[in-house]
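Q: I am new to this structure. Please show me how to read its features, one at a time.

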Amino acid sequence: MTHPKILFQSLILLLFFVTKINAQEVLTLESAVKIALENNYEIKIATNNLTIQKTNVAIGNAGMLPTVTANVFDNNSIQNSSQTRQDGTENELDNAKNNSLTYGVGLDWTIFDGLRMFARMDQLKELQKLGEAQLKLTVITRISDVNAAYYDLVQQQQQLAALDTTIVISNQRLTLAQNRFTIGKASKLELLNAQVDMNTDQVALLRQKELYANSKILLNQLLARDVATDFKVIDVLKVDSLLLLPELKALAEKQNPQLEAQIINKRVAELELKQIKAARYPTVRVNTAYNFSESQSSLGFVAQSQSRGLNYGFSASLNLFDGFAQNRNEKISKIQIENSKLNIDQQNLALNSQLATSYQTYLTNLELIALEEKNESIAKQNLNITLDKFRIGTITTLEFRTAQLNYVNAKVRYSNAQFQGKLSEIALRELAGNLIF
């Protein structure tokens, strides 16, 4: 029978442990995802990159707007000058000063460039979409990491509970051994074996607590918050057993950000070819300016002059021969388009392969979860029977220890099977692009 004092002490420790756990913050997966979306550095960087892409989508950046410049030119000179006129008159002047000042505003506008500016505008829009796909990929990847780290903590918390249970059982065994040794019904060896097993279980518990604490630090790092923030996670790990491969494939074709990025890259390459082909057409520019100018000369027919007025005109240019660079550039651009098509096919093949292998792993893990659940139930029944027999002394300590370890190992395997199944589910949702966040 368990000593009342020991039972009372165990109860006090258990209440203290439960109170401490309840005082901790319960971090749900939804809260963890929200914190990651707000704080994670890689998500912030990808968001800033998308802002850059959005800023670049402007008609001025595409070359559709004129350029307006203000100019000032001021030239001065000091020279020794000598002039001989037609009538033979000679004029000489040392240190003759001359200056010319011109200032004004000019406008230059390309009104036709073979439609290159429109292709450039469409390309900027596609680059913005590419930035959105890259942000989506970053978000899904980081949220997948958060999911994995969170459920890793859940299964480690379950393993801690299993080890706590075995500590309680080992403590009961040690108490029984002490009582039996005291009254002369057990040997010193039985008591020592119980003490050794108790110490072994405590070492395993300490190792598990260390792993659990380090995993908390890792999750805090993913959430980009103080790594010393303490919290606890939920104690239930559920795996969605209703995922279907055809539905996942259909979603992946529409939503997978990596495949989406390859499709956008193909459009960007096609628009690049349009811009290159625009060089086959003439470029027409109009220009106008309003200038003020004045000049002074110490020697000459005109000592001082001033003018102001409007200048305007247009220019047109057409590339007639550039050493076959135009043909070469178009050929290279077409090859790049072909490569982008191949990249799409390659990404599709890789995606379908990953989905097929991940789904097979998912199905296997579902079967393992069901099997390990049964094993845990059987091991628990076996332990209860063994514990009753051990109390009345009809089995050996070795048989009891074997049943105890079988139960703990069954709980750990069941928890790990659930975790692996959850990882498979997360991987499939990540590939399908529908990881909920």
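Q: Which residues make the nonpolar surface patch of about 610 Å²?
A: Start with the ground rules. This is a predicted model, where local features need pLDDT of at least 70, side-chain atom pairs count only at pLDDT 80 or more, and totals for chains, interfaces and linings use all residues. Residues are numbered from 1 along each chain as its sequence is written, and side-chain values use heavy atoms, without hydrogens and water. A patch takes residues with over 30% relative accessible area and no salt bridge, joining nonpolar side chains (Val, Leu, Ile, Met, Phe, Trp, Tyr) within 5 Å and like charges within 9 Å. Areas come from the Shrake-Rupley method with a 1.4 Å probe. Here the patch consists of Trp 109, Ile 111, Phe 112, Leu 115, Phe 118 and Tyr 281.

Q: Which strand gives the most to the nonpolar patch?
A: Strands (E, at least two residues) and helices (H or I, at least four) are DSSP runs, numbered from the N terminus. Strand β2 (residues 90-112) gives the most, with three residues. Phe 118 lies in helix α4 (residues 116-182).

Q: How many salt bridges does the structure hold?
A: Side chains of opposite charge can pair when their charged atoms come close. The cut-off is a Lys or Arg side-chain nitrogen within 4 Å of an Asp or Glu carboxyl oxygen. The structure holds 18. In one of them, Asp 201 pairs with Arg 401, with the closest N and O atoms 2.9 Å apart. Asp 201 sits in helix α5 (residues 188-222) and Arg 401 in helix α9, 200 residues apart.

Q: At what angle do α4 and α9 pack?
A: Axes are lines fitted to C-alpha atoms, over the stretch in contact for helices, and angles between N-to-C directions run from 0 to 180 degrees. For α4 and α9 the angle is about 170 degrees, with axes 10 Å apart. Under 35 degrees counts as roughly parallel, over 145 as roughly antiparallel, 65 to 115 as roughly perpendicular, and the rest as oblique. So α4 and α9 are roughly antiparallel.
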